[in-house]
Amino acid sequence: MTTQPSRTTTSLTSSTPAAPLISLTWTDHVTGRTGHLVVDRLVRGVSSGGLRMREGCTLDEVAGLARGMTMKEALHFNSDDPTARYIPLGGAKGGIDCDPRSPEAYGILVRYLRAMRPYIERFWTTGEDLGLSQDIVDKAAAEAGLVSSIQAVYPLLDDESTARQRLADAFAVEVEGIGLDELAGGCGVAESVLAVLDRAGVPYEGTRVSVQGLGTMGGATARFLAAAGLRIVAVADIKGTIANPDGLDVEALLLARDSYGAVDRTALGPGDAELPGSDAWLSVDAEVLVPAAVSYAINTANQAQIAARWIVEAANMPVLPDAELLLAERGIAVLPDVVVNSATNAWWWWTLFGDIGADADEAFAHIRRSMRSLIDQMLARSEADGTTPRAAAHAIVADRLPVIAERFGWYG
């Protein structure tokens, strides 16, 4: 198994260790499969980060994701807003090395959660991530004896019962048959794209987009972008790439997905074509690429196929660091995951802490305002410092983490 590079070794501030606070690997006594937990940082004694399941998941990967969660939490900290109830948590992540479609997967998930129960009860709040839906996580958590996958945060709430009901109500909200929880992240990614287009003076109409992954994040992103007038010219799933230079019928493709985001090819419309090669989505003629599936999708070899102006990271860590350097040399900007896909996590906490209610319009408006502000801050810092957007995001985090640590403390 090849260990992929991560961005976990750089210390963001003198108060942030290069090594995570907690790093452990669990071995399932039934199957021999492994799982990992990394707590990068605590704030008020609590950390936040989802649980993913995929074949080949490594401790190094989980550590990189945990550091990314620390950054996402810090980026949504607004010290100038005295009315904000959501106070950032620390960053953490869990991962299980197993194909989620395996017959063994659910049993492994339950046993992993049982093993991690002391951490989840005390200081790790978790939820769905790659390969796992929230429904599956909730079901397995209950079977593992947990009150909730986010119960560690309950002591920080002013009114636990009201807050829990508000979040439950929000998860019950549907928009055209799709759960609000499945749309929040894609709304944030789409707003990131729109913000960068506005900043560059590029009209929405006619702007072409290629999306890798048509699961929860990629599907919602495609839907919001199409609704804004952009043209989705390609989507990639596990079977390959579907393309149409005149624009795909996004709604038809979404209706033809299975539970893993794979599209039934019998649903393709006139002018739709299947492109050969697993990386065909990269070379499609488009201004914007949205990798919304797996980590490490863009490497030093296949980055040469890309001619888009922007890569907007809806997935976690889809662009390898060395590839990003080469892209920057060619004038291709990468909008980093720690900003772009942070709305899902933030929406949970905005809702639970009471900054927003269980209402789709209120949620989308709050997400759009917050994401547009973050994108503008990041790109303004990038221009001022003469750095990449990722370096600018890191710089903003480096400014905020000492403030968070001083004001709220690591251990509460």
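This is a predicted model: local features need pLDDT of at least 70, side-chain atom pairs count only at pLDDT 80 or more; totals for chains, interfaces and linings use all residues.
Student: R390 first: buried or exposed?
Tutor: R390 counts as buried, at 7% relative accessibility. Buried means under 20% relative accessible area, exposed over 50%, and partly exposed in between, with a 1.4 Å probe and protein chains only.

Student: How many salt bridges does a search of the whole structure find?
Tutor: 26. One of them joins D28 and R111, whose closest N and O atoms are 2.7 Å apart. D28 is in the loop between β1 (22-27) and β2 (34-39) and R111 in helix α2 (residues 105-115), so this pair ties together parts 83 residues apart in sequence. D28 is buried, with a relative accessible area of 1%.

Student: And how exposed is E274?
Tutor: E274 counts as partly exposed, at 46% relative accessibility. Its side chain meets that of R265 in a salt bridge of 3.1 Å, N to O, and R265 counts as buried at 16%.

Student: Which residues are linked in a network of salt bridges?
Tutor: R52, R54, E61, K93 and D129.

Student: Switching to rings. How do W26 and Y112 pair?
Tutor: Edge-to-face, 5.5 Å centre to centre with 85 degrees between the planes. Rings of Phe, Tyr and Trp (its six-membered ring) pair if their centres lie within 6.5 Å; planes under 30 degrees apart count as stacked, over 60 as edge-to-face and the rest as tilted. W26 is in strand β1 and Y112 in helix α2, so the pair ties together parts that are 86 residues apart in sequence. Both W26 and Y112 are buried. The whole structure has 10 aromatic pairs, and ring pairs link Y86, F171, W347, W348, W349 and F353 into a cluster.

Student: Which residues touch the most other members of the largest nonpolar core?
Tutor: V290, V312, V339, W347 and W349, out of 84 residues. Such a core is a set of buried Ala, Val, Leu, Ile, Met, Phe, Trp, Tyr and Cys residues joined through side-chain atoms within 4.5 Å. Helix α6 gives the most to this core, with 11 residues.

Student: Why call α6 largely enclosed by the rest of the structure?
Tutor: Because 17 of its 21 residues are buried.

Student: What about its length?
Tutor: At 1.5 Å a residue, the 21 residues of α6 (180-200) should span 30 Å, and the end C-alpha atoms are 30 Å apart, which agrees. The expected span is 1.5 Å times one less than the number of residues.

Student: What follows α6?
Tutor: G201, whose phi is positive, near 70 degrees.

Note on methods. Residues are numbered from 1 along each chain as its sequence is written. Side-chain values use heavy atoms; hydrogens and water are left out. Helices (H or I, at least four residues) and strands (E, at least two) are DSSP runs, numbered from the N terminus. A salt bridge is a side-chain nitrogen of Lys or Arg within 4 Å of a carboxyl oxygen of Asp or Glu.
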